[in-house]
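Me: I have a model open and want to learn to read it. Can we go through some features one by one?

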Amino acid sequence: MQVEFKHNQSAHCENGVASNLLKHQGIEISEPMVFGLGSGLFFVYLPFIKVNFSPAFSYRPMPGWIFKRMAKLLGIKIKRQKFNSPEKAQQVLDQNLKNGIPTGLQVGVYGLTYFPDEYRFHFNAHNLVVYGKTDADYLISDPVMQETTTLTHHELEKVRFAKGALAPKGHLYYPVYIPKEINWEKAIRKAIKKNCNDMLAPVPIAGVKAIRTVAKNIVKWHKKFGVAKTNHYLGQLIRMQEEIGTGGGGFRFIYAAFLQESADILKNEKLSELSKEMTEIGDMWRDLAVQIARVYKKRSNQQDVYIMLSKNMLEIADREEEFFKKLKKAV
Amino acid sequence: MKTNQIPQDDSSLSKKDLKELCYAVDENGNYTTALSSGWEPKSVALNGSMQLIQQRVQNARQMVANGQVSPIVYFMEKNKMDLPILASYVSMWKWRVKRHFKPSVFTKLNDKILKKYADVFDISTEELKNFKG
């Protein structure tokens, strides 16, 4: 049993699944547009949550939020289900496939056998689409992969019922209602405004202010914890910024692509200027990653290298603050 | 980032013949996508993380050999888990799992509980019981 489904590779799993599922319903929506409408650009620092023995950083909002916000703005209704029993979860999925519905799933990354070992860790908010089933396998469209792939029935059950933080509990979802008319202009303006407010939020662990908090903490970590731990934390920061899914520069390039697309739709020349600026900011993040990697490799004990990293990160925060103030006025 | 700047370094992805999608600007200033086989700064960070895990696994193995902790700790580290994740997988309270880390408690565990752990680690109960570090 197999549903006709067009697989497009994307940078990030959540945007990719959303874009692929909606394209299947006849809505031409790009990955950057999903990301932008979900007000996806963010920075958050959660020192009290430890991930891989480091404080948690993220360049995007909570898993699932981008898709939810985008659907709400466009008036699309999504049916979502979670399960206690794996048997029931499989029955509902199989019934969906029989009815010709490609279905989105939330899964754990650790059990995804088609990923390289280095990428398999206990993170439970990955997304993929199942579009068919054979005697041994489920047919999988994982948007971060170039081609479609498969998982055995047993493997799929394992990843759907992965345990730990954000356990998926068999979570499946698919669009059930698509409005006839979509007001893209209005949706884009609203999403951009929300994103500006999120990035300019007056709290020290979110948005531009969180970037400043981390920048200042780099120097503190070095004094308090020493080189090894500081480098490990900085390494995690690079991973969150550049690992599969961000499209480079901690999603800044995807957002710049969204602004460029929006400039055409809204016929707003300012947005294409701002898109260029966002690209420059993305490049600054990339440069920071290069500098961190250099420090990481040398294991230099000099305090001034950490002061330099801190200074450069503060500069990015200033650029982003100025940027979002301008963007807010532009729409 | 410009399309001609998209890094094509060796990485754990390229070893599996995988490429990831990046967003970049073409020569006319328009956004487009292109594939990247990997980027060195990222590999440096990822390898650092892997080394840390390797070290933790080695430490755990040594501690099992010294009789300081039970084999559960070794297999937990080997599966890249920590206490909250393992507790969630075996559906037990964290304090209970932590107790099972003690060799003296571990030797008295019944087969039903051992099997729970063994299943999560994808090994046999015998393998778990007889692991000596």
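Me: Where does A:Leu139 lie?
Reply: A:Leu139 lies in strand 6 of chain A. Helices (H or I, at least four residues) and strands (E, at least two) are DSSP runs, numbered from the N terminus. This is a predicted model, where local features need pLDDT of at least 70, side-chain atom pairs count only at pLDDT 80 or more, and totals for chains, interfaces and linings use all residues. Residues are numbered from 1 along each chain as its sequence is written, while chains are lettered from A and ligands numbered from 1 in the order in which they are written.

Me: Is A:Leu139 buried or exposed?
Reply: Start with the count. A residue is buried if 20 or more other C-beta atoms, placed from the backbone, lie within 10 Å of its own, exposed if 12 or fewer, and partly exposed in between. A:Leu139 has 21 other C-beta atoms within 10 Å, so it is buried.

Me: Which residues is A:Leu139 in contact with, leaving aside neighbours within four places in sequence?
Reply: Contact means that two C-beta atoms, placed from the backbone, lie within 7 Å. On that basis A:Leu139 is in contact with A:Gln2, A:Val130, A:Tyr131, A:Gly132, A:Lys133, A:Thr148 and A:Thr150. A:Thr152 is 13 residues from A:Leu139 in sequence, and their C-alpha atoms are 8.9 Å apart.

Me: Where is A:Val144, and what does it touch?
Reply: A:Val144 is in the loop between strand 6 and strand 7 of chain A. It counts as buried because it has 21 C-beta neighbours inside 10 Å. Not counting residues up to four places away in sequence, A:Val144 touches A:Ser10, A:Cys13, A:Gly16, A:Ile244, A:Gly245 and B:Glu20.

Me: Which residues of helix 5 of chain A are buried?
Reply: In helix 5 (residues 153-160) of chain A, they are A:Leu156, A:Val159 and A:Arg160. The arc is that of the directions from the helix axis to the C-beta atoms. Here the arc is only 100°, so these residues are on the same side of helix 5 of chain A. They pack against helix 4 (86-98), strand 4 (103-107), strand 6 (137-141) and strand 7 (149-152) of chain A.

Me: How many residues does each chain bring to the contact?
Reply: Chain A brings 37 residues and chain B brings 31 residues. On the chain B side, helix 2 gives the most, with ten residues. Sort that side by class: Ala, Val, Leu, Ile, Met, Phe, Trp, Tyr, Cys and Pro count as nonpolar, Asp, Glu, Lys and Arg as charged, and the others, Gly among them, as polar. It divides into 20 nonpolar, four polar and seven charged.

Me: At what angle do helix 8 of chain A and helix 2 of chain B pack?
Reply: Axes are lines fitted to C-alpha atoms, for helices over the stretch in contact, and angles run from 0 to 180 degrees between N-to-C directions. Helix 8 (residues 227-242) of chain A and helix 2 of chain B pack at about 125°, with axes 9 Å apart. Angles under 35 degrees count as roughly parallel, over 145 as roughly antiparallel, 65 to 115 as roughly perpendicular and the rest as oblique. Helix 8 of chain A and helix 2 of chain B are therefore oblique to each other. Their contact has five nonpolar, four polar and three charged residues.

Me: What is the phi of A:Lys267?
Reply: Phi of A:Lys267 is near 50°, a positive value in a residue other than glycine. A:Lys267 is in the loop between helix 9 (252-266) and helix 10 (269-298) of chain A. With 8 other C-beta atoms within 10 Å, A:Lys267 is exposed.
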